[in-house]
Amino acid sequence: MTNFENNAFFWQKIDTLYLSNKLEILRQKGTKHPEYSNLIYPVDYGHLKDTQASTSEGITIFKGSLKSSTVSAVIIAADILKKDLQTKLILGCTPEEEEKVLRFLNHTDFQKTVLIRRGQEIPSWGLTD
């Protein structure tokens, strides 16, 4: 098995979550983080209303400057202070905006992230009968 196996059906489900819920922007690009004033949001940050996730905000999204109705990537953040994993969606970000989001999320040694880009592959284990 390779390091990462993409699954187009996974991305289909992510798109369904995004398209079937309302995106509410919580922090606009350029605003300060509520707890860490040295951190400035590089793109709009929000959440999908009526969804669940490890945070009380539900499924969170970083929304860039490009118009898009499909999620282009997922970020998984491991936080040793909160003792949790968080998943964040990337929507409409340019490569430069993606890099800024990653720098924003990796600003401390207590939290680190990985970015998983969307793929179109369907591995044999991804098929159902």
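Predicted model: local features only at pLDDT ≥ 70, side-chain atom pairs only at ≥ 80, totals over all residues.
Trainee: What makes D15 and R118 a salt bridge?

Mentor: The closest N and O atoms of D15 and R118 are 2.5 Å apart. The cut-off is 4 Å between a side-chain nitrogen of Lys or Arg and a carboxyl oxygen of Asp or Glu, so the pair qualifies.

Trainee: Where in the chain are the two residues of that pair?

Mentor: D15 is in helix α1 (residues 8-19), and R118 is in the segment after β6 (111-117). They are 103 residues apart, and the pair links distant parts of the chain.

Trainee: How many salt bridges does a search of the whole structure find?

Mentor: Three. Another one joins the side chains of E98 and R117, at 2.3 Å from N to O. E98 lies in helix α2 (residues 95-105) and R117 in strand β6, so this pair ties together parts that are 19 residues apart in sequence. E98 is at 7% relative accessibility and therefore counts as buried, while R117, with 49%, is partly exposed.

Trainee: Why is R117 called partly exposed?

Mentor: Exposed requires over 50%. The value for R117 is 49%, so the label is partly exposed.

Trainee: What about R103 and E99?

Mentor: R103 forms a salt bridge with E99, with the closest N and O atoms 2.9 Å apart. Both residues are in helix α2, four residues apart, so about one helical turn separates them. R103, at 59% relative accessibility, counts as exposed. E99, at 41%, counts as partly exposed.

Trainee: How do you know that the buried residues of α2 are on the same side?

Mentor: The buried residues are E97, E98, V101, F104 and L105. They cover an arc of only 120° around the axis, which puts them on the same side of α2. On the other side, P95, E96, K100 and R103 are exposed.

Trainee: Which strands do the buried residues of α2 pack against?

Mentor: β3 (60-63), β4 (71-79), β5 and β6.

Trainee: What is the accessibility of Q86, and which contact does its side chain make?

Mentor: Q86 is in strand β5 (residues 84-91). At 5% relative accessibility, Q86 counts as buried, because the limit is 20%. The side chain of Q86 makes a polar contact with the side chain of D84, at 3.5 Å. The cut-off for such a contact is within 3.5 Å.

Trainee: How many aromatic pairs are there, and why is F62 with F104 called edge-to-face?

Mentor: The count is five aromatic pairs. F62 and F104 have a centre-to-centre distance of 6.2 Å and an angle of 70° between the planes.

Trainee: Are F62 and F104 buried or exposed?

Mentor: Both are buried.

Trainee: Which residues form one aromatic cluster with F62 and F104?

Mentor: Y41 and Y45.

Note on methods:
Residues numbered from 1 in each chain as written. Heavy atoms only, no water. Buried < 20%, exposed > 50% of the residue type's maximum accessible area, 1.4 Å probe, protein only. Polar contact = N/O pair within 3.5 Å; in protein donor to acceptor, adjacent residues only side chain to side chain. Arc of directions from axis to C-beta. Contact = heavy atoms within 4.5 Å. Phe/Tyr/Trp six-rings, centres within 6.5 Å; stacked < 30°, edge-to-face > 60°.
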